[in-house]
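Student: I would like to learn how to read the packing and the chain contact in a model. Please take the features one at a time.

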Amino acid sequence: MITNTVYYIISAVLVLGVLLGISMMSKVKSANSGNTLSAICTLIAILVVMYNCEILTAWQAWLGLAIGTAVGVVGAVKVKMIEMPQAVALLNGFGGLASALVAILTIEQTSKAFELYVGAIALVVGFVTFTGSVVAAGKLHKLLPQKPVVWKGHSFISALVIAAIVAAVVVCPECIWLISVLSAFFGVVFAIRVGGADMPITISLLNSLSGVAGGIAGIAVGDVLLVAIGGVVGASGLLLTQIMCRAMNRSLISILVGGKAKKPVAVQDKAAQESTKEETVKDEKASVGDILTSAKKVMIVPGYGMALAQAQSMVKTLADKLEALGAEVKYAIHPVAGRMPGHMNVLLCEVDVPYDKLYEMDAINDEFSQCDAAIIIGANDVVNPAANTAEGTPIYGMPVLSASDAKHVLVCNFDDKPGYAGVPNPLYEAPNTIMMLGDAKETVAELISSF
Amino acid sequence: MGIVLILIFIIAAIVGYFIINKVPTLLHTPLMSGMNALSGITVLGALTTIAVVVKDYSSVLGTIIGILAIVFAMVNVVGGFAVTGRMLRMFKSKEDK
């Protein structure tokens, strides 16, 4: 057992270490070392707490640590990069569940009112995080429908459950079962109605919640280190959530309530359109090769469709071929492209695209007007110029990539239906646009062989 | 003590907010999964509570819950850090090639 003062000092040093590790993550070069530093600080923290609680010899603790480590290592090695969004969501759920279990033990053990109430709150946040994350992971893994599932009177049910949880925590904080069941149910209620493309926001919010759950559990058991790190994680998740919301120009509430008034706006008379399109596409196809051969500057805009089609390595091949012909290739990445924050960057880095060619929206948007061709791969809403003009639509005001400014726009999308937001994309009809509909892997391959 | 802890929570959140604000969108996925790993720090709480179970009273159910808490938190910690490291090692610049 070490004295409190010593424990606080050690905790402060470890928190500083973790913070330093996180700040090292703002540069690619130092990010991996930063991650390692955070991991080492966590490991030391575990040993210090075990020493402090005199359980260095308790087999129960070591058993848990060993199983957890084994499962974690195997899982981390086996998971494919494409499955990362659901893996992060699931891991996040585990953290929440652990906090909930800690809360249960705290409630059982304590006789102090403060710890009892704080424990009950940790129990709520932990279980909401757990079931919410599991539902999100299920949606991302396509075990559950991607579309928002809205029940009859969904908002009413949500409100009712929240009221019940608050009442239970206030009146009977020791009613572990009741609080657990209600909270777990609420996690499902809130996550099930969020749609696929809003997942970046949901995941970052759940990430924040799992930190908050840990922090509150820390307050309940009186552990400074846990409290401080929980606070940092909570803030980070919240910040990411805020960034994502801003990038979609939507409020957090509107995403959680999911209730999109978005029936896909009339997909016009398709058959008639298609026959004419077939011909024009054939005509233009000859010119695709010319455009790409003569292009000096090409911008690639990836979206979730690229991930779905697993087309990232084809995209890299295309970029390589263009570069071999002397073109400059840059990737323009919208903050909410994909299913989690930064999704596209990870996929492209996996296929060895140098990260210095990946640009964020604000850094590159002005360059579209100077580029010869913008190649859109499975992205829709994030390049929809209607966001600037079509007042009253769900995406109005959302910052978008101005791909329409490019001299030529090649669209490798699966179909020409409106995207997730349900707003038809005028870019598809633009005179400088060539549509290459179908699986992105095949259409990109077509592009590659066209020149 | 409770008030102090709540204060620490708030201060940590504010400090964290400013540090994380500097992380570019390029690294948002590794940042998120790194934060996710850190949220498994609740393993400290699990260890603290199981210590009480082990020392002060021996309850089978308490022990099981405690071990489960450690397991889940540890999967979160180890899996999270390992996955983050895996992703970060994929990020290469032009010069690195």
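Student: Which residues have the most contacts inside the largest nonpolar core?

Tutor: In soluble globular proteins, nonpolar side chains tend to be buried together. A nonpolar core is a set of buried Ala, Val, Leu, Ile, Met, Phe, Trp, Tyr and Cys residues joined through side-chain atoms within 4.5 Å; buried means under 20% relative accessible area, with a 1.4 Å probe and protein chains only. In this predicted model, the largest such core has 161 residues, and Ile22(A) and Ile375(A) have the most contacts inside it. Helix H4 (residues 84-109) of chain A, a DSSP run of H or I with at least four residues, gives the most to this core, with 15 residues.

Student: What conventions apply?

Tutor: Residues are numbered from 1 along each chain as its sequence is written, and chains are lettered from A in the order in which they are written. As the model is predicted, local features need pLDDT of at least 70, side-chain atom pairs count only at pLDDT 80 or more, and totals for chains, interfaces and linings use all residues; side-chain values use heavy atoms, without hydrogens and water.

Student: How much area is buried between chain A and chain B?

Tutor: The size of an interface is often given as the accessible area lost when the parts come together. Here that is about 8000 Å² (1.4 Å probe, summed over both parts), with 78% from carbon and sulfur atoms. Met25(A), Leu91(A) and Leu105(A) supply 8% of the area that chain A buries against chain B.

Student: How many salt bridges are there between chain A and chain B?

Tutor: Two, each a side-chain nitrogen of Lys or Arg within 4 Å of a carboxyl oxygen of Asp or Glu. Lys92(B) pairs with Asp352(A), the closest N and O atoms being 4.0 Å apart.

Note on methods
Buried means under 20% relative accessible area, exposed over 50%, partly exposed in between (1.4 Å probe, protein chains only). Helices (H or I, at least four residues) and strands (E, at least two) are DSSP runs, numbered from the N terminus. Buried area is the accessible area (1.4 Å probe) that two parts lose on being put together, summed over both.
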